[in-house]
Structure formats: C-alpha cells, structure tokens
Amino acid sequence: MIYAGIDAGSRMIKAVLFDAVKKQIVASGIMDQGVRQDALAQQLFERLLLDHRLDRRAVLGIVATGYGRHTVSFADTVVTEITCHAAGVRHHLPGARTITDIGGQDSKLIRLDAKGAVQDFDMNDRCAAGTGCFLEVVARRLGLSLQELGEMAGRSVKPAAISSMCVVFAETEIVGLLAAGAMAEDIAAGVQAAIARRIASMAGRTLDSPIIFTGGVALVPGMRAALQTALGHPVVVAPEPQMTGALGAAILASRQ
Amino acid sequence: MRDAPRQITLEEWDARYAELSAAGMQEPTYGGPLRRHVGEGDLRLQNLRYDNSAASLRLWNFLLTEEDRLHQARAEGRKIVGAMKDLGTVPVMAYSLPGVAAFYPDGAWWLPCIMEDSTGMLPIADSLGIDESFCPVRAMLGAFVTGGHFPIPDLLTCSVGATCDDFSAIAQRLNSLGYPILWWEIPSRRHPEPDEMEIRLPGGFSAPETQVAFVRAELERIRRALEDLVGRRLTEDALSAGIRAANRVRRLLSQLRRLTYTAKICPLPALEMLVAEMLAIHFCSDRAEARVVLEQLLREVRERVQAQQGVLSKASARVFWVNPVADLRVMNLLEECGGRICGTDYLFCHVLDKIPENLSPMEALARIALADPMVGTAADRAERICRDILAFHAEALVISRIPGASHCATEGEVIRDFVHSRVGIPVIEIEVPPVSDSYRSTLRTRLEALVEAAKERRRT
C-alpha cells in the first residue's frame, strides 16, 4: 500500500513514496523548483515511479504540501507544510516537542504537544533573514558553495557580529567587514549565528525539548551547532531533513 | 423572500437584490444594491463574499452610508462630535443630547482597505511625516485634510494616556494642522493597592477608586464641552436615558454574539459579525437605526439557528479572533480555510458590556471607560480572552496584528502564553496590512495550518 507525498517548496520539489504497511520510505527524490510547478512535480513523481518500477495505480493516495501545494493538480488533497513536518518528524522521532524547519525562503518553529499534535507555530516568510536565502547570498558574495561556506564556518575562531534583522543590510555589513580585513571563516560563522538568532527570537521564552531540525538548511555544516547555541538546547537533525515535509504528506495520505 | 443561507459574491448580490426587490423587500432610505458603493470608490467590495440575507444587506448599506448621514446631520444644523480614540464612552454622552451626532474619525483606518488605497489619504499622511511605520489609522489625517469623507466635526475629543502611542502622535499632528482637540486622559488601569478601595468594573476587571474618580472628572470636562456646544445642560436624567438606549444596542449585540458563536452550524459569516460588532462603538452615527439594523439581523440569525441552517460546514474549526483586521478580505479567508469565528476581542469588547444602570451615570461611564481592554495590561486582556474562549468553546486562537500599531506590538506573546497555560488550544499570530493581496498565500498557509491543528486535536 503505497502513498505519495509531494512537497512543492519555493526552491525545491521533494517527493516521497511511503509503504503504509511496512511504515517505511520506498523511494524519495528531489529537483529544482521552476515556473511550471505542476509539470515539474509530475515529472519528479513519474521519475520516482519509473526508477522503482512502480505502476501509477499502485499509489493509493497523494497529498501535496509546501508553498506550491495548490498547483499540484494530480494530488488528491493538500495539507500545509506545518502539519506535514509534524507528521514526518513524528514518524522518525515520536517524542519530538519542537521542530525548527529552515528552508530556502522561509523558516518555521513548530511546537508539538505531548501527543505529537501541533500546538502552535511561528513562521518567517516575509524576510530573508533567518532562511537559507541568507546563506546563499553570503556564499555568492564569498564565491563559495553552501557546503564550503558551512565547512569554512567550522574553522572560525571569532564569529563576526552580523545583524539578524535584514539580509540587505547584512550584506552591506559583510562588505564592510571584508574591507576591514575580517576572515571569511568568521563572516560565515557570523551569518550562521545570525540565522540561528532569528530562529531563537521566534521561539520566544519557552521551548520544549527534544528539538528537531528539518529543512534543507539542516544539511549545511555548522548550522545545527549554531542553532543549538542560540536556542540553548540540544538540537537533533531529522533523518533526510529536506524530505520531512514530503514524508509527512505521504503519511497523511495513508490516513485519508 | 427567504433563501438558503450562503455566502455570495458581489455579482451574485446583483441578482439576489433583484429577486429580493421583486419579492417586495422593504428598504430604508439608505438602501439599494451593494454594487452602488463600488461606483462610489469602495473597490474592495468586489473581492469580498457576503451573507445573502436582506438583514445583512441592510447592515452593509448602513455601514457604507455613514458619511452621507454625517453630511446630512451637518446640513440639518445638528452638531457633530468626533470622538477620537475613545471607543464607546463619549458617543454615549453625545447621543444623550438632542441634535448631536457623534462618530469615530479613527474609523478612517479602514478606508485604505475599503477603497484599495485609491483615496490618496496615506500619501497625505506620509507628506505630514506620519509614514507607514505608524498604524493605518494615519489615514484619518488625509480624511481631515481633504474633507472628502466626513464633515469636519464641531467638537473633537481625544483620549490619551494609556491608549496607543501611535494614535497620540497622529492626533497631535492633526492638532498642529489647526484642528482644536479637547484632550482627556485615561490612566493605565491597575489593580488596587491593599489600602485602596477596589471598584469592580464591567468585564471582570477592577481598579482603585481614585482612578475611577479621575476618569469621572475627565468625563465631566467632556460633558461641559458638550453642553457648551449645544447650549443646554446634559442632565443626569438625559444621561441615564442615553445609557439605557446604548445598553439596548449592547444587549442586541450580546444576544447576536451568543447565538452566532455558540450555534452548531455558523449562522452568520465572520465579516458581517465584525461589522455588527463595530456598531456598538458609535452606532454608525445613528443610534436608533443601529438598533433596528441589529434587531433585523438578530431575527435572521435566530431563524437560521432554529432551522439548523448556516453558511459554513458543521465541521468548521471554531476560532477565536483577537484584534480587528486591516483587510476585511481576511475574514473571508479564514472561512475559506475551514474556520469559523467563535468569539472575538476586537479591542473594544468593553462596548459589548452593559453600562451599569444602578449607579450615577457619570460614575457608570467612568467605570466602562476604564474597562477598555486597551488601557489595561496585556495579561488582563488575556484573562478575559481565556474566559470567552471557554464560553464559546473555541478550538484555536488567531492574534491579528495591525502593521505599525503600537497597542498590539508585543501583546501577542503574553496572550499566547496565557491561552496555552489556561486553555491549551493552538495559537497563531498574523500581521494583516490594509490590502493583503500579495501576502495572501502566506496568510492562507497560516490559517489552514491552524485549522488543521484544531481538527487534529479533535481526533486525538
């Protein structure tokens, strides 16, 4: 009994095929998002089926999630990424109480109750500060890939102080720091700390552990440690963190 | 002509209006098809969905013709009082005098939404140094400068002190433009010290007797100004009669809220309920007609509840809403996302409380003014919100922020913590600008996720 979850994110589309009997992921895939969102999602879904020699009729239900969820015409229903991330995290780590999801264009902090249901959430989707976009801007400025930027941050001795309020201003700050001879390692670490502080400000005064880190930014070296420092709590990166939303969508498809 | 309750577009209202007219619908002088207001510049109406009852049509027409009523009052020689910032106290006093119409100039904050920024009022405010970092109520400055909306009042009052800083700044700028303002002070409501006499206020609050006496003295200054304006005394009897008349409106609203927010199937959409609740502040410039409008609406709701009919699915998530939205479209959006309103605190819930009738009228008015949620702590407000959430069985809470508004800048977290600890329902905060179209998908995600969370909790 296979179910599919499609996470049509702002930067990437992710798809997961989930076996509801064995409670395991059968296949997963990812591709860049584009203008023709529905066609791209369809292409990814069909590629997954083909690669795993599955017939379309074997998929009993499809849930779409993510920013572009309403564009996925072949989905049976849509569910928000907040609910899907909660379901995806619960599958891997049933005791989770807080989810921090940092994607390319937004970030979320989701609080779960003791039963694993969503208690409430905060989102940052009107400002690039606190999102993967911030890392991309800085990586581009320093001529590095995201992976290289993360590795470089790990070599920092004294992270630079960089504003967490605005990416545009932060970029100006970085130009100034470079002109003043600041080390690229320290700038990279400073940017990671700025993103993590932004997430911490969403968390407010109370935060329950365990805290699970999802989204593509969780794969960037150093981000987990930066988040841990800012939140003052241990942070666990979810298995395949960029797939959590799609996994949750597939699980929810199996329940509908 | 009765029709099954449902929400309809403006286009559908055209046909519905023709049907109702053909069936002999009785309309007041301000009646007519809803579409005519679009021709007068109320462009946002084209993007809203409305309740399809004749009672709701009358409500909308009453709301959207307020400027006409005020201009008519001026033409008839009646005195016009602009009661700024005060939500619901000075209008009760003003309507206790014959030949006076009172209104709320700050209500201009909805014009950038209703007219979709076509009025040019915000650029005027910008030019006066009151830019978008301030509350959208700054649109009021443009309305005064152009004179194109409401007539310039004969008397302008403004409460300051514990009300929001934005408004104080905006009103001071208005004052500097040559509009005289009678300022009156409302103190920050506090709990009495052990050696102070405690006065119980409507809404379950309390304050020291000294604060009540202070507000009473401030309101006496307003009373004298009103007497000077019309050249006659505002007697205790007239004030008492004015309070009783205001309470009749409040009672109607109280019944309407209870019926609508506790019904198994939502009998009236969020948007119409928001407009109805707004009538309590200054009666939309006609106290007697406000009562008639609400009576008709209440009859409609009662019939729908008895017939177990409504405008939304029975499965809709029951949502409590805090603070009014700057864009009316968002109330429709909540319903499109699977929610319904079950309880509100639009920052003026004290005007829904009965004004005490067993006290001297000025004492009663002072107590109701001090029960304003805006002049107490966020924790006080949260207490009342928790009580109402429980009373209306709400399953989720939305705290809506108004961009730039200083009165709700930081209260969200306090309210959220209170609601979590006392009631344990999901809470979100959203920010709604006057025209939120470009922000619609992110608002939709938040509201959909809240509804999903509320429904998930039903299952678990």
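Analyst: Please keep in mind that this is a predicted model. To begin with a definition, two strands are said to pair if DSSP finds at least two bridges between them. As a general idea, strands of a sheet pair through backbone hydrogen bonds, either parallel or antiparallel.

User: In which order do the 5 strands of the sheet in chain A lie?

Analyst: The order is β3-β2-β1-β4-β5 in chain A, and the sheet they form is open, with mixed pairing. At its edges are β3 (24-32) and β5 (77-78) of chain A, each of which pairs on one side only.

User: How many bridges join β2 to β3 in chain A?

Analyst: Strand β2 of chain A, which covers residues 12-19, is joined to β3(A) by 8 bridges, and the two run antiparallel.

User: What does the secondary structure of chain B come to?

Analyst: Chain B has 18 helices and 12 strands. Its radius of gyration is 21 Å, close to the 23 Å that the globule rule gives for 460 residues, so chain B is as compact as a globular protein of that length. The C-alpha trace of chain B spans about 55 × 55 × 45 Å along its principal axes.

User: What percentage of the residues of chain B count as buried?

Analyst: Of its 460 residues, 54% count as buried.

Methods. Residues are numbered from 1 along each chain as its sequence is written. Chains are lettered from A and ligands numbered from 1 in the order in which they are written. This is a predicted model: local features need pLDDT of at least 70, side-chain atom pairs count only at pLDDT 80 or more; totals for chains, interfaces and linings use all residues. Helices (H or I, at least four residues) and strands (E, at least two) are DSSP runs, numbered from the N terminus. The radius of gyration is taken over C-alpha atoms; the globule rule is 2.2 Å times the number of residues to the power 0.38. A residue is buried if 20 or more other C-beta atoms lie within 10 Å of its own, exposed if 12 or fewer, and partly exposed in between; C-beta atoms are placed from the backbone.
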